[in-house]
Amino acid sequence: MATLVLTPTELQVRLGRWEKFGTLQRDFSVPWDHIDSARAISDTWRNVLGWRWPGLGIPHVVLIGRMVYREGRDFCAIYVDKSGVLLELHDEPYRRLLISAPNDVVQAIVQRVTQG
């Protein structure tokens with residue numbers, strides 16, 4: 001499962017070995033000032049846009065990878081029916097990040113983004 005690590009300067013997304021293999025993606029980070037908004041979401045699957053390429057997906061079980069659509073591309077790491085966070089970005093390879101995470105981590109991210 002993807003792990004979100006909050007540092008003073010950036011949000012780090014750390015992927016497990018199989019996630020890296022399935023998505024052809026390394027761990028990455030996003031500076032806090034590149035995050036436009038952060039929102040806690042209870043139904044992560046309703047926020048998925050586009051077509052998966054590359055990645056692994058079984059509907060309502062797991063979705064790991066890049067989602068490509070007309071307006072851009074997203075990175076998703078969502079599992080079963082777990083809640084998560086939706087981050088809207090600028091000046092990054094991805095337009096949005098949609099990641100399942102524990103509620104305490106999600107609340108910390110939302111608080112950090114909204115309070116600056």
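Let's start with helix H2. H2 has 13 residues and spans 18 Å from its first C-alpha to its last, close to the 18 Å expected at 1.5 Å a residue. Keep in mind that this is a predicted model.

Which residues of H2 are buried? They are Val105, Val106, Ile109, Val110 and Val113. Look down the axis of H2: its buried residues fall within an arc of 130 degrees, so they line one face of the helix. On the other side, Asn103, Asp104 and Gln115 are exposed. The cut-offs here are under 20% relative accessible area for buried and over 50% for exposed.

What do the buried residues of H2 pack against? Strand S1 (3-6), S2, S4 and S8. Just after H2 comes Gly116, with a positive phi of about 80 degrees.

Next, the sheet. It is open, with six strands in the order S4-S8-S9-S7-S6-S5, and the pairing is mixed. S4 and strand S5 (51-58) are at the edges. Each has a single partner strand, so one side of each is left without a neighbour in the sheet. From one strand to the next, the twist averages 15 degrees.

Now one pair in detail. Strand S6 (residues 62-69) pairs with S7 in the antiparallel sense, over eight bridges. Met67 stands opposite Asp74 in S7. Back to the helix: H2 packs on the sheet and touches S4 and S8. The direction of H2 makes about 145 degrees with that of S4.

In soluble globular proteins, nonpolar side chains tend to be buried together. Here, the largest nonpolar core has 24 residues. Those with the most contacts inside it are Leu4, Ile35, Leu87, Leu97 and Ile109. Which elements give two or more residues to this core? Strands S2 (10-14), S3 (28-31), S4 (35-41), S7 (72-79), S8 (84-89) and S9 (96-100), and helix H2 (103-115). H2 gives the most, with five residues.

Take Leu4. Leaving out residues up to four places away in sequence, Leu4 touches Leu11, Gln12, Val13, Val85, Ile99, Ala101, Val105 and Ile109. Val105 and Ile109 are among the buried residues of H2.

We met Met67 already, opposite Asp74.

That's the tour. Questions, please.

Technical notes: Residues are numbered from 1 along each chain as its sequence is written. This is a predicted model: local features need pLDDT of at least 70, side-chain atom pairs count only at pLDDT 80 or more; totals for chains, interfaces and linings use all residues. Side-chain values use heavy atoms; hydrogens and water are left out. A nonpolar core is a set of buried Ala, Val, Leu, Ile, Met, Phe, Trp, Tyr and Cys residues joined through side-chain atoms within 4.5 Å. Buried means under 20% relative accessible area, exposed over 50%, partly exposed in between (1.4 Å probe, protein chains only). Helices (H or I, at least four residues) and strands (E, at least two) are DSSP runs, numbered from the N terminus. Contact means heavy atoms within 4.5 Å. Two strands pair if DSSP finds at least two bridges between them. Axes are lines fitted to C-alpha atoms, for helices over the stretch in contact, and angles run from 0 to 180 degrees between N-to-C directions. The expected span of a helix is 1.5 Å times one less than its number of residues. The arc is that of the directions from the helix axis to the C-beta atoms.
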